[in-house]
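Hi there,

Here is the structure I promised to pass on to you. Have a look at it first, and then read on for what turned up in it.

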Amino acid sequence: MRSLILAVCVVLAVCVVSPALAAQGRPTPAPPLGAWTPVPELPGMGRPVDTASVAARRRALLARIGRGVVLVPAAHERELERDYIQDNDFRQSNTFFYFTQLETQDAWLLLVAGGGATETVLFLPPRNPLQERWTGLRLGPDSTASRLTGIARVLPTDSLDPVLSAALLRVHGPLYAPLDLTTRDEPRLRDLVFAGRDVRNLRPAADSMRLVKDPDEIARMRKAVDISVLGHLAAMLAARPGVWEYQIEAALEAEFRRNGADRVGYPSIVGSGPNTTTLHYDVNRRQTRDGDLVLVDAGAEWGQYTADVTRTFPVNGKFTQRQKAIYDLVLATQQAAFDSTRPGTTIAQLNRVARDYMRAHSGALCGAETCDAYFIHGLSHWLGMDVHDVGDYGTPLKPGMILTLEPGIYLAPEGLGVRIEDNVLVTATGAEWLSAKAPKTTAEIERLMGRR
């Protein structure tokens, strides 16, 4: 059913929204952001691998564990005849991607540390010409894979077991593997646990590394955020009383894909009127009415990294005085939190700053209670390969961390909800708004929507 809804959304976006924009002389969409040119010699992969970055991550991981063997499986090939109904595409497991940047299926990464030496081995399935007639070219265990990945030793997957056994005998250390929902059905890992091997979870070490982004990750995040901003602009331009929420969603996500997004980072939230007060509303089937606010919480994924941006705007292009007062308090609260974002602070401290500011500046806006009583979720979360990315929330901020700042006020009896969410990079001296190009003040939003 969701596939059918999405198809209808796309048709409506093209046939209803776009002609209306053109007919009224509204601005045409911006050209695609830095369209990525596929490299023909990367069969079964996505974008070129930043070999220096992933090699540095592997070295850092082995330095952390000291002595041991690391075994990381890739995500598995999707069975198209069975899985197509799930409306999903192949997405690499985050841990495997972090240490390889490969989007190839059914592969394994083996890292060995001990005795002052380290070793890296990539195992790839042998190429199958018959299968490739269905799926396209795949990366196989040959010299091409070594050259493209920067990993000197690449072997077929059927040689993994003897190489792994020899490594375990040589190192006399534990085996580290990601132990989570993505690997619970891996027979090889399960057999090692049952055999009494010292198998330890790799996730804590790998996840803590992901908390501070390196330059390659920051560049991917910037791209994902920039694409997301264009989608939010398209959503604002598509809005007008009587439009259905799914039509706004279609305009938003079409702009994501037009600018190179791999997928959405999470189901897009497009809530109007009373739906603005439901935090994770994603049904997107209500017809908007004059006077409604529309809350759009959506992010594009690019290169395995996702943005997470929220904007709230009036469907008719003009805030009422009541809407503007609530909105301005939320915006000022976000700014207060941003002004306190710097290395050494914690998310808990920023949350207190935001709530204290909202409480002190509420006046009588929210009735007998101060407005922080209607700020019913946390201020922030980590952002990266997952929309709620991995990492200890007690960790003091460091340069290279990326987080959201997203205060909100939700007045259900009035059907009035406002959330403003931006993506923020911690720098050496403070912080940087990554999503600043999305209009955020009431004046900026009204100016943009007045061009419809």
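His 172 counts as exposed, with a relative accessibility of 68% (exposed is over 50% relative accessible area, buried is under 20%, and partly exposed lies in between, with a 1.4 Å probe and protein chains only). Please bear in mind that this is a predicted model, where local features need pLDDT of at least 70, side-chain atom pairs count only at pLDDT 80 or more, and totals for chains, interfaces and linings use all residues. Residues are numbered from 1 along each chain as its sequence is written, and side-chain values use heavy atoms, leaving out hydrogens and water.

You will find His 172 in the loop that links helix H7 (160–171) to strand E5 (175–177). Helices (H or I, at least four residues) and strands (E, at least two) are DSSP runs, numbered from the N terminus. Although His 172 is not a glycine, its phi is positive, at about 55°.

Asn 284 also deserves a look: its phi is near 60°, a positive value in a residue other than glycine. Is Asn 284 buried or exposed? At 0% relative accessibility, Asn 284 counts as buried. Its loop runs between strand E8 (269–272) and strand E9 (293–298).

Now for the chain as a whole. It has 452 residues, of which 54% count as buried, and its secondary structure comes to 14 helices and 17 strands. Among contacts (heavy atoms within 4.5 Å) with a separation of 6 or more, 70% are between residues 24 or more positions apart.

Happy exploring!
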